[in-house]
Each structure stands twice: as C-alpha cells, then as structure tokens.
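This report concerns a helix and a ligand site. Please consult the sequence and structure shown here while reading.

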Protein chains: 2
Amino acid sequence: MRTIVVGGVAGGMSAATRLRRLEPEMEIVVLERSGHVSFANCGLPYYIGGVIEKRSALLLQTPSSLAARFGLDVRVRHEVVAIDRAARTVTVRDLDGGTEDSLTYDWLVLSPGARPVRPPIPGIERALSLRDIEDTDALAAAAQGATRAVVIGGGFIGVEMGENLVHAGVEVSLIEATAQCMAPLDPEMVEPVHARMRSAGVDLRLQGLVVSIDEEGVTLDGGERVAADLVVAAIGVQPDTQLARMAGLAVGERGGIVVDEHCRTSDSAIFGVGDAVEKRDAGDGSSVLVPLANTANLQGRRVADVIAGRAVEVRPVQGTAIVGVFGLQVASTGWNEKRLRSAGRAYRAIHTHPADHAGYYPGASTMALKLLVDAETDAILGAQGVGQAGVDKRIDVIATAMRGGLGASDLADLELAYAPQFGSAKDPVNMLGYVAENLATGLTENIQWHELQDALDAGATLIDVRTAKEHAAGAIPGAVLIPVDELRDRAGEIVSDDVVVHCAVGVRGHVAAMMLARPGRRLRNLDGGYMTWKAGETTQ
Amino acid sequence: MRTIVVGGVAGGMSAATRLRRLEPEMEIVVLERSGHVSFANCGLPYYIGGVIEKRSALLLQTPSSLAARFGLDVRVRHEVVAIDRAARTVTVRDLDGGTEDSLTYDWLVLSPGARPVRPPIPGIERALSLRDIEDTDALAAAAQGATRAVVIGGGFIGVEMGENLVHAGVEVSLIEATAQCMAPLDPEMVEPVHARMRSAGVDLRLQGLVVSIDEEGVTLDGGERVAADLVVAAIGVQPDTQLARMAGLAVGERGGIVVDEHCRTSDSAIFGVGDAVEKRDAGDGSSVLVPLANTANLQGRRVADVIAGRAVEVRPVQGTAIVGVFGLQVASTGWNEKRLRSAGRAYRAIHTHPADHAGYYPGASTMALKLLVDAETDAILGAQGVGQAGVDKRIDVIATAMRGGLGASDLADLELAYAPQFGSAKDPVNMLGYVAENLATGLTENIQWHELQDALDAGATLIDVRTAKEHAAGAIPGAVLIPVDELRDRAGEIVSDDVVVHCAVGVRGHVAAMMLARPGRRLRNLDGGYMTWKAGETTQ
Ligand SMILES: Cc1cc2nc3c(=O)[nH]c(=O)nc-3n(C[C@H](O)[C@H](O)[C@H](O)COP(=O)(O)OP(=O)(O)OC[C@H]3O[C@@H](n4cnc5c(N)ncnc54)[C@H](O)[C@@H]3O)c2cc1C
Ligand SMILES: Cc1cc2nc3c(=O)[nH]c(=O)nc-3n(C[C@H](O)[C@H](O)[C@H](O)COP(=O)(O)OP(=O)(O)OC[C@H]3O[C@@H](n4cnc5c(N)ncnc54)[C@H](O)[C@@H]3O)c2cc1C
Ligand SMILES: CC(C)(COP(=O)(O)OP(=O)(O)OC[C@H]1O[C@@H](n2cnc3c(N)ncnc32)[C@H](O)[C@@H]1OP(=O)(O)O)[C@@H](O)C(=O)NCCC(=O)NCCS
Ligand SMILES: CC(C)(COP(=O)(O)OP(=O)(O)OC[C@H]1O[C@@H](n2cnc3c(N)ncnc32)[C@H](O)[C@@H]1OP(=O)(O)O)[C@@H](O)C(=O)NCCC(=O)NCCS
C-alpha cells in the first residue's frame, strides 16, 4: 500500500507522520514543490523582521530527519503536475532534474495550501508575496536594501509584514482597500489596532486602492502616489486548487476543494486537507475558507486516521485566530457582527473594557472585548478581543465554551483561575456572562454605538453618568452630565420615558440604569460606553 | 424590607451591590467587624512584599463610596455577635463605641469568610496570620524589623507569604508538615515549585512539624530549632461559623455552614455564601470547602438574585485555582490523582511538557501539564499545570471544557487562537487531547512514573529512546539506550513481549511505541517521560 501526500508542511506532514505511527509498514511518499518541508509558515514574517534571528529555526524537520525518525520518503523540489485518477497515478516533476516521473498511489492526500491573491494590476510582478522559505529569502534580501515599503492589504499577513518591515528598519505604508484592517474584527474593535500601527510609525492608508505598481512605488485610485522601493502584496490567499481542478475533483463556490467530514474529495481515493479545502462553518454549516494552521494540522492528523480505518470525523470550524500587532493582541472566534447583520440574524452584542488582571496589582492593562450572542437561544456566536495582554486567554476560553455548547449566560459561573497577577475575582469572561445574563433575562437593555444616533433622533434623552472631568475631556454630543454618585439625589431631573445612559465603559451606566428604571420608561445603557462609541465613530 | 449582610468583602459586598441594583428601594445594611470593607484580600501578601506599593490600592471601596453610589448602609468595626432567628434580629456590637444594638432583618446574608487555622501549640500567640487589613498592617510592620522569618504551612497563602517576605528582604524558612507544598498538586507536579522556592533562597523544610514557638524561633518535632524573629502561621483556613453555630444553623461535617443551591441555610430567611459555607463538588456532589474569591463573589451575586426573586442556582464547584511562586504559575482545576486514587476511581493520567508558545519564536518556555481522565467515560476529571507562562490559559481552557462537558478526547479539536508568540499550531491543550484520544481508543497504553518500578520488577524491558547524550546526563536505572532515530534498524534487538519505552517527555516514546507494537506484546510509554519520572522520584 502506498500513500502519496502532496504538500509537505502543516496538513501534509501532519498526515504523513500520524499515518506512519498508525501504519508502520505503509509506503508513504511526501512530494513538495518548494525546497523545504515542515517549515514554520507562521514564523516567516518574524524572520524577516529579525525577531526570529536564525533561519534554521524556521525549519522544524528536514527530509533526512523525517526519513530517520518516520521512514518517510520526502522529496522536495518535486511538483505534482497531474493526477490520473483512473490509473491512480500522479505525474511528478523533479524541478531540479527537469524530469517527470509517474507514481502510483492507493491513497492520495492533497495538502497544497493556499496561494497569495495577486490582483491583475499593472506592475503586479514587482510585488513580493510571502508563502514559503524561498519567498522569505527573497523578501528578507529585498528588505535589507529597502528604505520605503508599501504593503498592500491589512489582513493577518499584511499587518504582520507591516510590523516586521518596521522592525527591519524600513519605512512602511500599509494600504488597505476597505475602511479597516483585520476584517474578522468589527469596526469599533479595530480602532486600537489602527492607532497602534500609526503610533508605531506605519503610514496607514485606509480605503486606498492600489491601481498600479512601478519602479518608484504605487499609484492609488485617486491618483495619489506612494513611494516605495519594496512592494509586498498581502491581499489574502486563495486555495491552491490547480491540480484538483485539472483532475476534475469537485471545487466549491468559495474556490476550495470540496471534501466531506472524512476529508474525502469527490474521488474516494483522494483526500484534501488544510488551506486548499472548503470547511463547514460551525455557525450555519455553510462552506467557508479558514486558512489556519491549527485546522490544517488537525485535518492532517484526521485524514491519516481515516486512511488507517479509524472512526473519526472532522468537525465544523469556528475559525479562532490571533495576531500580534506591535505588542497588541488581536483575536477573534466565530462570527462577527458584520456577518450576523448581513445574514439577518437576531443577535445581541456586548462590549466590555476589563483589565487583564486585578487593577490593584501592578502592570494591569485594559483590553476591549466583544461578545456576540444569539438573541433567541443565548448561544455564543462569536467574540473579539484587543489588548496588551490576556486577550488570547479570554478568546480561547470563549472558543472552548462555544465548542462545549455553553450559553453566554453560563460564562457567569465559569470557574477561572484567579490570583491578582493573572485575572480578576470576576474574570473578564465571567463579567461578559453577567452582562449577557442581564440582557437575556430582560433585566437590562443595551444600545449599540451605531444605534445611538437613531435613538437620539427619535427623542431619547442621553445621560452621561461619568465625572465632570471625564465629560470635559470628551463627550457625546447632546449628552447631559449627571455623575452616577449624584444620581440618587438628582434622579428627579430626568423626566423622559426614553432614556439612554452612558459612562466610560458600561459599568457605571449599568448602575445608573438600574437606579433610573421605572415602569413605562425605556432605559438603555450605551454598550461599551464612551470608549466603544468613540472607537466606532473613529473607524466608521 | 431590610437585608442585613454580615461581612463586607468578597461575598458580602457583591451581594449588597447586586441587591441594590435589583432592589432600588430595599434597605441594605452591611456589617463588618474589621475596619475595612471591599478590600483586596488576595493582594495582601503582595503589599507586604512591596510588590503592591500603595496600601490604598488594596481598598477598592469605602463605606462612603458605597453609600454614594449604591445607597448602602455600611458599618465597619461593627460585629454581629448574635442572631435571634425567631425575632429576626441581629445583635451588633460597635467595636469602637463598645455599645450593642439590635437590628431587625427580613433577609440575612452571612458572608463571614474563613479564619486562619491556628494549631494549639505552645507559643502560637506569637505567630501572625493574614486575613484582613489589620493583620496586613501588623505583618508589614513586623517584616520591616525582621531579619529571619519562619512561615508555617506550604499552601497558597504560605507560599505567597514566603515569596513576599523574601521580596521584603527577610530570610525565610518555610516549614511544611507533609512531603509537599501546594496540596492541590500531585507530588511529581510540585517538584518545580519546590525547586523554584529553593533557588529563590527559601529554606524549604518538608515533613517538618512545628511543635512550639518562642522568642528565638520555632522547634520542630525532631527537636531541631529554626531561628526566627517573625513567625507566620499559614496552615490553612476554616469556615468562620461561630455566629452560625450559636444561632443553631446547620453546620456540615467539613465544618462549613450548610446551604442549598440557593445559598439558603437551614433557616429560610438566612443565606450563607463564600468561604464560610460548604459547597457541592462538581466531581461527585459531596460537600467540600473551596475558599476562593471567584466562588465567593459569584455566590454573593447569586444570593442577591435569590432574595430579589430571580430564578438562579449556584452550580457545583470545580475549584479552579492559581498561585504565582517566584514567577512560576501553579494552577489546577478539579480533582487530583491523590484524591481519585483514594476514592478508588478508574482514571487515566497524562503528563506533557509543552512550550507555552511556538519553540521557533523567541522566549518560549516549557511547562508541565497533567490531565486526569475518567477511564470509563473519557470525562475530564482534573488538570494541573506548572510553568513560566501560559499555564493560566491552559487551565482556564480545560476548566471551561470540563464545565461544557467536553471529553478529554474532544480537546484534540478545540480551535484555539494560534500565532507563534501565543501558542502552537497544536496547542498544549490540543496535544493533551491527542494523547487522551490515543489512550481512550486503546491505540496506546501509558505507564505512570510511580508504576514503573513494579513493571520492571515484573520483568518488563525498559528502552530509553533519547539520544546518547541525554542518556548520559541522567537515566532511569535498568534502561537500555536505543535512540528513536536508530530504532527502525535496531528494533530486532528488542525481544521482550513486555516493553516500556521512554524519552524525555513522551513524544519520541510515543513514536517508538507505535513502531515497536506487535501482536502479543505489551507496549507502554512512560507517561511524561524522564522528566515526570525524575520529578516524581524527587518529591516522593
Ligand atoms: C506568512 C504566513 C503567516 C501565517 N501565520 C499564521 C498564524 O499566525 N496562525 C495561523 O493559524 N496560520 C497562519 N498562517 C497560515 C498557515 O500557515 C496555514 O493555514 C497552514 O500552513 C496551511 O497548511 P497546508 O498544509 O494547507 O498548506 P501549507 O502549509 O501552505 O503547505 C502546502 C505546501 O504544498 C506545496 N504544494 C502546493 N502544490 C503542490 C504541488 N502540486 N506539488 C507539490 N507540492 C505542492 C506548497 O509548496 C506548500 O509548501 C500563516 C501563513 C503564512 C503564509
Ligand atoms: C492572604 C489571602 C490571599 C488570598 N489569595 C487568593 C487568591 O489569590 N485567589 C483566590 O481565589 N482567593 C484568594 N484568597 C481567598 C479569598 O480572599 C476568599 O475566598 C474570599 O475573600 C472569601 O470571601 P468571603 O466573602 O467569604 O469572606 P471574606 O472576603 O474573608 O470576608 C469576610 C468578612 O466578614 C467579616 N466578618 C466575619 N464575621 C463577622 C461578624 N460576626 N460580624 C461582622 N463581620 C464579620 C470579616 O471581618 C471579613 O472581613 C485569599 C485570601 C487571603 C486571606
Ligand atoms: C511537526 C510535524 C512534522 C508533525 O509531526 P508530529 O510528529 O505529527 O507532531 P508532534 O511532534 O507535534 O507530535 C505529536 C504526537 O506526539 C504525541 N504526544 C505529544 N505529547 C505526548 C506525550 N507527552 N506522551 C505521549 N504522546 C505524546 C501526540 O499524541 C501526537 O501523536 P499522534 O498524532 O499519534 O496522536 C508537522 O506538523 C509539521 O510539519 N509542522 C510544521 C509546519 C506547520 O505546522 N506550519 C504551520 C504552523 S507554523
Ligand atoms: C467590588 C465589589 C464591591 C462589587 O461591586 P459590583 O458593583 O458588584 O461589581 P463590579 O464593579 O465588578 O461590577 C459588576 C457589575 O457591572 C456589570 N457590568 C460590567 N461590565 C459591564 C458593561 N460593559 N456593561 C454593562 N454592565 C457591565 C456587571 O453585569 C455587574 O452587574 P450585575 O451584578 O448587576 O450583573 C465587591 O466585589 C468587593 O467588595 N470586592 C472586593 C473584595 C474581593 O472581591 N476580594 C476578593 C478578591 S481580591
């Protein structure tokens, strides 16, 4: 029996090693087009930035180490150029020798990954992209000689490249076509990310479309020129399906190879895993592209199980992801508000600004968290977080709660490890649960930053319950100041039956709302307070 | 309607503030024996150590701030000395005025906390304990003048006090009666904690019983003297039930006030929350004492809901806890192996030593993780972790998985946020799931460090699959060295049908085990490898 694996990195190599463990006797051949296998894709930007100093650190395994430990037949610079499904053979081109060979398989695993999107604009051939070690070497060399770079695209890789080129001493303009970087985040959540990039020296240009690239830089759609001696295209990735398409395997409408819950393609002897395949969304079962290493590695392991006859299934995906941006942690899981809104789902959003650990212990910093909740079932639909520290933990906990089927209100009584340097007696996640429970039971009502203007236009009274000093430093137009600690005495000043209260983050607003509630009065607390409103207004 | 709350810190004050939000008109009186309310108990040791510099940082609220914001009637230095259940009154002693007063209640909430255990040994009155701000002031003053301290007890507070006295420039001997500090951890997990304390200069004395205390220090049971001009007793805490007992409320066999899932005591007008009450264990429903701030705060909030007529229930507790020890994170949730063994439960233990983030990204450090799994149902029963970084996150994720009812094997496909500075493509939690799944499906078998000797005595062959260099630096007696990368060729050298393989941590051992498996041969991988074995042997 012979299994051939196409692509020797995350999904492919995880499949090969696991398969070896399960099938000591099977012949396993791994064919890899580039010059390296098992490399740390996710570390490539940091090598360019000099954060990872040694190139060898990126190479986790080599063909010979994989032969010694796992008895794998790993061939780099070998590209699979065709699949003959009827004959169960692949045509392999030796990229150094230039020869072609045919290899038979019993099982074929495709893990070719995703290729960078390269828009068809004049001069695109001047732009570098980042996918493998060869690209990395080219980019690192180019960064050496460069003084000004343009990075096109504000997604994960664009943002990482922007940061790392700064680390490499290059002046960076980052050009993003939409109004915000990091599409998985909603606009009000991304504001600190934009601010951080700018304060770190990145010339961030939103709503800028690059229409051409030439020797001196790029031209934007408005005619504006941005000088650059290095241009990086990081506009996103698309499944590498050339081989699959040529072989007539089913490719879905998202552009990925179609596989079932056993990673089987439309040909039962051929499997597909990783960035090249479409996944099932945990939210609604639809087909989605989730090009993440965790998923690729897991699918690789699962496909080996399937080939070895073990009963396993690949689960639908939530798409939990994180990126570092000049020391900020930016993470998300599940759906965002944009997507919920465009799908017409009934949801509730909750914004908080907790400290990563007890405020009385040195070094605490504030993060922004957002939880999205099914308005009918209380199910957790998604979460986002941005902050200096502790965001990764909260997003992982929420992702786990989602996977475990906990409702948003159940977050209230999660028992999370608390000592003052690590969290709070009411952890930020618990606090999200408190707020969710109040909303779910109808005890409180909130209003989102983007809904406020409509409410005011409809005649709502807006009360700012912060201190006079906070109010003076920046206020929402039309807000009347009554500090929460005076509210008990001054409640009578508020006569309206449509009241919105707000504070800086929502906590004092909640206290005020509970105090001012009375039958017949609609009382809403501005969710996330002034901070979320301000961030939303800024990015919008 | 009047609610009286006894004890104005974690549970008590959370009950009062929530109740105010729910019941704007209710009269709420908080009676607190000490001179302060709403203080950060968990920060007290760090103030003594100078880590928290300002005493005011410990005082989160004051009676006047609570009056202004919440309209609470908060009286410090007021001790409740008796409850007349028939008359629904409490007798309150004004500790400054010396007068006594009687106050009627409709609802009474007891949150008196726990008091330090003070063993009845000669001289115990010389030992200081740490519970409130007054204790803290006394201890901080004593630490100023001290040069040598003895801390009695190696639990959470003892360990924190040991560290903080070192920070305060005092030489510390920490004396623990059992063979290990931090009872929630199993012996092999606590070894790095002992090592860290010792390398930080703590004179750690295990299996030492203090039999008397005098002016010059303490005497141990063996007659040994340990000099000290400051003695701190941190032997544990016990529920403060004096008032409850006097009032004839039911007190359980663990010594805590008995309450139901609505925090109701045996008197339906009286509630109990926090450290003073017995909780239901999430593992087996038994009564347990879990003196933690998260639980106390949550119960306080829940009891307010109950009084306000909201439908809520207090869930059984897992007891997730963490402590910092000179930069080490030491955390646990659920049951430990000791407890499972003594309860006669069928369990599996898994030990791993993963890095907190990708090894190729700078700054990664290794942690030790332990997962305990129900051998029949695959349910997660508990987890422990010790390491420099990222332990809090993994324990919180596992605690959440337990709460969500995920099985140990389900940890394999948790989608956790990955970028190289925050985790691994296969997160340590995923990896625990991989191992659990292999065990649950019978693909692999492991053997624990404490089972190894019996297996060897029974004739098993032990193969060390590490490198010759690793073997030379320290090996298990009787182990035969065959490095994993030579094993493919040298497998024939192993003839036994009872084989135990081991490497440093278990990963190469797993590869070797899968390679050497054959029908009729029992093949076990030493769980956690040499590292766990060595740690266990050291602490045992
Ligand atoms: C710069 C960068 C940063 C990233 N950062 C993160 C991160 O922080 N977190 C995260 O979760 N994910 C990150 N990712 C994504 C992650 O690396 C991918 O999700 C993962 O590697 C996908 O695994 P895969 O096996 O599907 O594809 P890959 O790992 O890309 O492997 C595919 C391999 O197949 C080879 N191949 C393709 N076609 C053929 C053929 N016909 N014949 C032979 N070989 C072929 C390719 O050369 C390639 O090496 C990052 C990716 C990049 C590029
Ligand atoms: C030094 C120290 C460090 C800690 N560190 C941590 C940690 O890192 N993580 C963690 O989770 N937990 C920690 N804890 C435990 C945590 O503080 C408690 O679990 C929590 O405070 C319990 O809340 P409670 O309301 O039950 O009792 P407490 O917060 O102790 O409040 C009880 C109050 O009731 C008052 N009282 C008692 N009897 C009467 C009476 N008859 N009349 C009037 N007042 C009365 C007492 O004076 C006391 O102030 C620590 C505790 C201490 C002492
Ligand atoms: C590293 C790579 C070759 C896979 O190798 P691998 O041997 O499958 O994976 P690991 O070294 O992580 O080891 C995992 C195995 O050890 C086992 N294991 C881990 N800790 C163990 C322990 N303490 N005891 C027993 N077994 C243990 C796991 O169960 C797993 O085995 P299984 O799959 O049979 O269950 C492949 O993932 C790769 O090429 N990665 C680099 C590229 C990449 O991932 N890029 C994207 C991210 S940058
Ligand atoms: C602080 C203390 C007085 C309680 O005050 P509190 O007002 O109940 O608690 P917080 O300030 O944390 O605020 C929590 C409230 O704000 C709400 N909230 C938090 N963020 C919010 C947001 N963004 N929007 C709306 N509401 C929000 C929560 O829902 C909760 O209200 P609820 O209980 O009615 O649901 C009490 O816990 C205490 O004394 N603590 C110190 C002692 C202690 O805990 N020691 C042990 C650990 S060191």
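Predicted model: local features only at pLDDT ≥ 70, side-chain atom pairs only at ≥ 80, totals over all residues.

## Helix 4 of chain A

Helix 4 of chain A comprises 13 residues, 133-145. At 1.5 Å a residue it should span 18 Å, and the 19 Å between its end C-alpha atoms agrees with this. At the start of the helix, a side-chain oxygen of Asp132(A) comes within 3.2 Å of the backbone nitrogen of Glu134(A).

The buried residues of this helix include Ile133(A), Thr136(A), Leu139(A), Ala140(A) and Ala143(A). They cover an arc of only 120° around the axis, which means that they lie on the same side of helix 4 of chain A. An α-helix has 3.6 residues a turn, so residues three or four places apart point the same way. The packing partners of the buried residues are helix 2 (44-48), helix 5 (156-167) and strand 15 (230-233) of chain A.

## The site of ligand 4

Ligand 4 is surrounded by residues from chains A and B, so the site is shared between chains. There are 32 residues around the ligand, of which His510(A), Thr17(B), Arg18(B), Ser38(B) and Arg301(B) come nearest. Helix 1 of chain B contributes the most to the shell, with six residues.

Polar side-chain atoms of Thr17(B) and of Ser38(B) each lie 2.7 Å from an oxygen atom of ligand 4. A backbone N or O atom of Val505(A) is 3.3 Å from a nitrogen atom of the ligand. Of the 960 Å² of accessible area that ligand 4 has on its own, the protein covers 90%.

Terms used. Residues numbered from 1 in each chain as written. Chains lettered and ligands numbered in written order. Heavy atoms only, no water. Helix = DSSP H or I, 4+ residues; strand = E, 2+ residues; numbered from the N terminus. Expected span 1.5 Å × (residues − 1). Buried < 20%, exposed > 50% of the residue type's maximum accessible area, 1.4 Å probe, protein only. Arc of directions from axis to C-beta. Contact = heavy atoms within 4.5 Å. Polar contact = N/O pair within 3.5 Å; in protein donor to acceptor, adjacent residues only side chain to side chain. Near = heavy atom within 4 Å. Areas by Shrake-Rupley, 256 points an atom, 1.4 Å probe, with all protein chains shown as cover.
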